[in-house]
Amino acid sequence: MSNDNDDEYDVGFCKPPKGGMFQKGQSGNPNGRPKGVKNFQTELVSVLRSKVTVTVAGKPKSVSVVEAALMRLREKALKGELRALEIVLGYAQESSSASDAGLREQKLSKLEKDILGRSTLSGNGSDPEGSGSE
């Protein structure tokens with residue numbers, strides 16, 4: 001199966017013939033990915049940020065798709081649809097939890113700053129672990 005000039009190269013599974021291999025320095029995709037091709041995440045963000053016109057109190061208003069969807073969800077929840085109400089309350093709880101976590105993180109950083117300030121003021125700045133080996 002091998003030729004004399006192939007230097008004992010076995011052709012088989014995961015071993016293509018030398019003639020079918022790319023030459024050194026040659027890419028399998030020389031043009032590469034076309035510029036401007038968007039992935040799913042980019043397309044999704046673009047669609048959700050796009051503007052739509054809705055009628056609010058008899059007047060047209062331009063809002064984002066996300067805002068329009070939330071407005072529709074709010075209206076359904078207010079009309080008594082339990083599933084819509086569960087979704088709205090879930091979003092509200094997530095938002096509240098995220099803001100509470102942010103506040104706790106700010107308090108923690110203030111506490112850390114206070115502790116660091118006390119350790120440098122008392123002259124313990126050179127011994128951060130406070131091992132007391134003096």
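At 1.5 Å a residue, the 14 residues of helix α2 (residues 65–78) should span 20 Å, and this agrees with its end C-alpha atoms, which are 20 Å apart. The model is a predicted one. The protein has 3 helices and 2 strands, and from the N terminus on its elements run α-β-β-α-α. Of the 134 residues in the protein, buried residues make up 6%.

**Helix α2**
- Ala68, Met71, Leu73 and Ala77 are the buried residues of α2.
- Valine 66 is also found in helix α2, but this valine counts as partly exposed because its relative accessibility is 37%.
- Glycine 80 follows α2 and has a positive phi, near 105°.

**Nonpolar surface patch**
- Phe40, Leu44, Val47, Leu48, Val66, Leu70 and Tyr91 make a nonpolar surface patch of about 660 Å².
- Both α1 (40–49) and α2 supply at least two residues each to the nonpolar patch.
- The largest share of the patch comes from α1, with 4 residues.
- Valine 66, one of the patch residues, is a residue of helix α2.

**Salt bridges**
- The count comes to 2 salt bridges.
- One of them joins the side chains of glutamate 75 and arginine 74, at 3.1 Å from N to O.
- Glutamate 75 counts as partly exposed because its relative accessibility is 36%.
- Arginine 74 is likewise partly exposed, with a relative accessible area of 42%.
- Arginine 83 forms a salt bridge with glutamate 86, and the closest N and O atoms of this pair are 3.5 Å apart.
- Arginine 83 and glutamate 86 are 3 residues apart in helix α3 (residues 82–121), so about one helical turn separates them.
- Arginine 83 counts as exposed, because its relative accessibility is 56% and the exposed class begins over 50%.

**Aromatic rings**
- The structure holds 0 aromatic pairs.
- The ring of tyrosine 9 has the charged end of lysine 18 over it, 4.5 Å from the ring centre.

Methods. Residues are numbered from 1 along each chain as its sequence is written. This is a predicted model: local features need pLDDT of at least 70, side-chain atom pairs count only at pLDDT 80 or more; totals for chains, interfaces and linings use all residues. Side-chain values use heavy atoms; hydrogens and water are left out. Rings of Phe, Tyr and Trp (its six-membered ring) pair if their centres lie within 6.5 Å; planes under 30 degrees apart count as stacked, over 60 as edge-to-face and the rest as tilted. A charge sits over a ring if NZ of Lys or CZ of Arg is within 6 Å of the ring centre and within 35 degrees of the ring normal. The expected span of a helix is 1.5 Å times one less than its number of residues. Buried means under 20% relative accessible area, exposed over 50%, partly exposed in between (1.4 Å probe, protein chains only). Patches are made of residues with over 30% relative accessible area and no salt bridge: like charges are joined within 9 Å, nonpolar side chains (Val, Leu, Ile, Met, Phe, Trp, Tyr) within 5 Å. Accessible areas come from the Shrake-Rupley method with a 1.4 Å probe; for residues, only the protein chains shown count as cover. A salt bridge is a side-chain nitrogen of Lys or Arg within 4 Å of a carboxyl oxygen of Asp or Glu.
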